[in-house]
Amino acid sequence: MKTLRVKIVAPAIATMMLLSACGESGGSDAASEASSEAATVQLPNGMTIQQQIEARQGQLEKVGDAFKAISDQLKASSPDIAVIQEAAAAVPEATEGMADWWPESSGPESGVETDALPAIWENMTDFQEKVGNMQEAAATLNTTAQGGDMAAIGEAFKATGGTCKACHDDYRLDD
């Protein structure tokens, strides 16, 4: 918890100090303006920036929930294959269209809370490759899970988790 506070509080204090040195107020006006704009600016897909970020976060939570279900079952003394199969099938479904979830202007600069780092948009080709790798691994995990071989499922789950970690290492805050 202490590390999280430092990650949040230290940059906020530094920003306020820099703004006050420039004669600007570091108040909530700029954040409020950015957040208000994010709620009204339409992206080419018809969503506002805020809606896009919230939709992205919702889908990623679904993936996280599915991974937790699989992980819990793999750790259980008597895993429930039906739970694993259902969760494994949910991952490719939840990540459909994932490559389009990060349009320009949907990063931290939007004023909407997000763990997406600016590095995504600075390295979009690499990021998109990692998204593709994750989707391929998720499809393999699903196929493997439907086959029912617990050892193979464990390996496919580990590989899929590795593709998630590869992205989180470079492109997500808090990981």
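Is the crossing of α6 and α7 left-handed or right-handed? The crossing of these two helices is left-handed. The points below concern a predicted model.

1. Overall make-up. The protein contains seven helices and zero strands. Along the sequence the pattern reads α-α-α-α-α-α-α. Of the 175 residues in the protein, 30% are buried. The exposed surface comes to about 10500 Å², and 55% of that area is supplied by carbon and sulfur atoms. Among contacts with a separation of 6 or more, 67% are accounted for by residues 24 or more positions apart.

2. The pair α6 and α7. The axes of α6 and α7 come within 9 Å and cross at roughly 165°. An angle over 145 degrees counts as roughly antiparallel, and α6 and α7 are therefore roughly antiparallel to each other. On the α6 side, the residues that meet α7 include Phe127, Met134, Leu141 and Thr144. On the α7 side, the residues that meet α6 include Ala152, Phe157, Cys164, Cys167 and Tyr171.

3. Thr144. This residue sits in helix α6, which spans residues 124-147. Is Thr144 buried or exposed? Its relative accessible area is 19%; the limit for buried is under 20%, so Thr144 counts as buried. Apart from neighbours within four places in sequence, Thr144 is in contact with Asp149, Ala152, Ile153 and Ala156. Of these partners, Ala152, Ile153 and Ala156 are listed among the α7 residues that meet α6.

4. Ala159. Helix α7 also holds Ala159. Ala159 has a relative accessible area of 46% and is partly exposed. Between Ala159 and Ala138 there are 8.9 Å in space, C-alpha to C-alpha, for 21 residues in sequence. Ala138 is one of the α6 residues that meet α7.

5. The pair α3 and α7. Helix α3 covers residues 49-75 and helix α7 covers residues 150-171. Their axes come within 11 Å and cross at roughly 140°. How are α3 and α7 oriented to each other? Roughly antiparallel would need an angle over 145 degrees, and α3 and α7 are therefore oblique to each other. The crossing of α3 and α7 is left-handed. From α3, Phe67, Ile70, Ser71 and Leu74 take part. They meet α7 residues including Met150, Ile153, Gly154, Phe157 and Cys164.

6. The pair α3 and α4. These helices pack at an angle of about 155°, with their axes 9 Å apart. That makes α3 roughly antiparallel to α4. The crossing of α3 with α4 is left-handed. Residues of α3 that meet α4 include Gln59, Lys62, Val63, Ala66 and Phe67. Residues of α4 that meet α3 include Val83, Ile84, Ala87, Val91 and Ala94. Phe67, Ile70 and Leu74 of α3 are listed as meeting α4, and these three residues are also listed as meeting α7.

7. Thr114. This residue lies in the loop between α4 (81-94) and α5 (119-122). At 12% relative accessibility, Thr114 counts as buried. A polar atom of the Thr114 side chain lies 3.0 Å from the backbone nitrogen of Ala116. Which residues beyond four places in sequence are in contact with Thr114? They are Ile53, Arg56, Gln57, Gly107 and Pro108.

8. Ser105. The loop between α4 and α5 also holds Ser105. Most residues other than glycine have a negative phi. Phi of Ser105 is near 75°, a positive value in a residue other than glycine. Ser105 is partly exposed, at a relative accessible area of 35%.

9. Asn123. In the loop between α5 and α6 is Asn123. Its relative accessible area of 36% makes Asn123 partly exposed. Asn123 and Tyr171 are 48 residues apart in sequence, and their C-alpha atoms are 9.3 Å apart in space. Tyr171 is one of the α7 residues that meet α6.

Note on methods:
Residues are numbered from 1 along each chain as its sequence is written. This is a predicted model: local features need pLDDT of at least 70, side-chain atom pairs count only at pLDDT 80 or more; totals for chains, interfaces and linings use all residues. Side-chain values use heavy atoms; hydrogens and water are left out. Helices (H or I, at least four residues) and strands (E, at least two) are DSSP runs, numbered from the N terminus. Buried means under 20% relative accessible area, exposed over 50%, partly exposed in between (1.4 Å probe, protein chains only). A polar contact is a pair of N or O atoms within 3.5 Å; within protein, one must be able to donate a hydrogen and the other to accept it, and residues adjacent in sequence count only if both atoms are side-chain atoms. Contact means heavy atoms within 4.5 Å. Accessible areas come from the Shrake-Rupley method with a 1.4 Å probe; for residues, only the protein chains shown count as cover. Axes are lines fitted to C-alpha atoms, for helices over the stretch in contact, and angles run from 0 to 180 degrees between N-to-C directions. Angles under 35 degrees count as roughly parallel, over 145 as roughly antiparallel, 65 to 115 as roughly perpendicular and the rest as oblique. A crossing is left-handed if the near helix is turned anticlockwise from the far one by less than a right angle, and right-handed if clockwise.
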